[in-house]
Amino acid sequence: MHKFSATIALAALLCLFSCKNQENKPAAESNTKPATADSSKTDTSKKTILFFGNSLTAGYGIEPSQAFPALIQKKIDSMQLPYQVINGGVSGETSAGGNSRIDWILRQHIDVFVLELGGNDGLRGIPVDETKKNLQSIIDKVLAKNPSTKLVLAGMQIPPNMGQDYIGAFKNLFPELAKKNNMAFIPFLLEGVGGEPDLNQRDGIHPNEKGAEIVAGNVWKVLQPEL
């Protein structure tokens with residue numbers, strides 16, 4: 001598995017998951033629908049894929065059409081699959097924040113739920129058990145709303161300054177949750193992108209247009225078999 005350069009990762013990840021609150025807006029563009037509870041605005045002839053995450057999902061620093069959920073929509077459209085993507089990414093989001101807002105988003109029908117949260121928790125040193133509890137609560141709420149929803153979980157890693165015990169526990173919580181809940185699993189969302197200057201923006205971590213394409217590929221490998 002690709003590993004971050006320690007120096008780049010520390011500075012960059014701190015920037016990634018600590019975006020200011022005023023930037024906490026879901027991404028939206030013509031091919032990717034914004035997170036909304038108004039089901040009248042969705043195409044009822046198509047199934048819905050919700051990407052629920054932080055700034056990586058939202059497409060921080062790039063055009064909404066370049067964010068990986070929008071790129072997934074383009075792949076879907078090119079294959080003429082009956083799915084529409086909702087980008088439910090909010091910059092700076094934590095697992096607790098996601099757990100608080102998921103109820104509102106679940107007012108609409110979701111067929112495939114892709115969960116990409118937890119990175120902020122790790123960088124803030126939030127106890128792993130608390131993060132796991134929040135993520136499990138989100139999963140439980142999704143299944144309570146629709147037990148047939150297909151689930152996908154994106155794994156994340158944190159820089160080495162957090163201590164080996166914490167790093168190990170944090171890394172392991174994702175495959176543990178995926179196994180417990182029978183979720184399709186993306187081992188590391190930023191595989192091949194994290195720590196690569198040419199694939200990230202000036203902050204050193206948010207994927208640029210090229211990086212987002214690789215992230216979309218990482219997601220697509222796991223998501224496609226679920227469609």
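How are H6 and H7 oriented relative to each other, roughly parallel or roughly antiparallel? In this predicted model, the axes of H6 and helix H7 (residues 164-180) come within 10 Å and cross at roughly 25°. Because angles under 35 degrees count as roughly parallel, H6 and H7 are roughly parallel to each other. Their crossing is right-handed. On the H6 side the contact is made by Val-128, Thr-131, Lys-132, Leu-135 and Gln-136, and on the H7 side by Tyr-166, Ala-169, Phe-170, Leu-173, Phe-174, Glu-176, Leu-177 and Lys-180. By residue class, this contact of H6 with H7 divides into 8 nonpolar, 2 polar and 3 charged residues.

**Overall architecture**

The secondary structure of the protein comes to 8 helices and 6 strands, which follow one another along the sequence in the pattern α-β-β-α-α-β-α-β-α-α-β-α-β-α. Of the 227 residues, 56% count as buried. Among the contacts with a separation of 6 or more, 79% are accounted for by residues 24 or more positions apart.

Helix H3 (residues 68-78) packs with H8 at an angle of about 55°, their axes being 9 Å apart, and that makes H3 oblique to H8. The crossing of H3 and H8 is right-handed. H3 contributes Phe-68, Leu-71, Ile-72, Lys-75 and Ile-76 to the contact, while H8 contributes Ala-212, Glu-213, Val-215, Ala-216, Val-219, Trp-220 and Leu-223. The residues of this contact divide into 10 nonpolar, no polar and 2 charged. The two helix pairs are set out below.

| Helix pair | Axis angle | Axis distance |
|---|---|---|
| H6 and H7 | roughly 25° | within 10 Å |
| H3 and H8 | about 55° | 9 Å |

**The nonpolar core**

In soluble globular proteins, nonpolar side chains tend to be buried together. Here the largest nonpolar core has 56 residues, and those with the most contacts inside it are Ile-72, Phe-113 and Leu-223. Ile-72 of H3 and Leu-223 of H8 both take part in the contact between these two helices. Not counting residues up to four places away in sequence, Ile-72 touches Phe-51, Val-85, Ala-216, Val-219, Trp-220 and Leu-223.

**Buried positions**

In helix H4 (residues 95-105), the buried residues are Ser-95, Gly-97, Gly-98, Asn-99, Arg-101, Ile-102 and Ile-105. What covers them includes strand S2 (47-53), strand S3 (83-89), strand S4 (112-116), helix H5 (119-123) and helix H6 (128-145).

Gly-118 lies in the loop between S4 and H5, and Gly-118 counts as buried because its relative accessible area is 0%. The C-alpha atoms of Gly-118 and Val-128, 10 residues apart along the chain, are separated by 9.3 Å.

Asn-218 has its place in helix H8 (residues 209-223) and is likewise buried, with a relative accessible area of 13%, a value that falls in the buried class because the cut-off is under 20%. Once its neighbours within four places in sequence are left aside, Asn-218 is in contact with Ile-186, Phe-188, Leu-189, Leu-190 and Glu-191.

Terms used. Residues numbered from 1 in each chain as written. Predicted model: local features only at pLDDT ≥ 70, side-chain atom pairs only at ≥ 80, totals over all residues. Heavy atoms only, no water. Helix = DSSP H or I, 4+ residues; strand = E, 2+ residues; numbered from the N terminus. Buried < 20%, exposed > 50% of the residue type's maximum accessible area, 1.4 Å probe, protein only. Contact = heavy atoms within 4.5 Å. Core = buried A, V, L, I, M, F, W, Y, C linked by side-chain atoms within 4.5 Å. Axes fitted to C-alpha atoms, helices over the stretch in contact; angles between N-to-C directions. Parallel < 35°, antiparallel > 145°, perpendicular 65-115°, else oblique. Left-handed = near helix turned anticlockwise from the far one by under 90°. Nonpolar A, V, L, I, M, F, W, Y, C, P; charged D, E, K, R; others polar.
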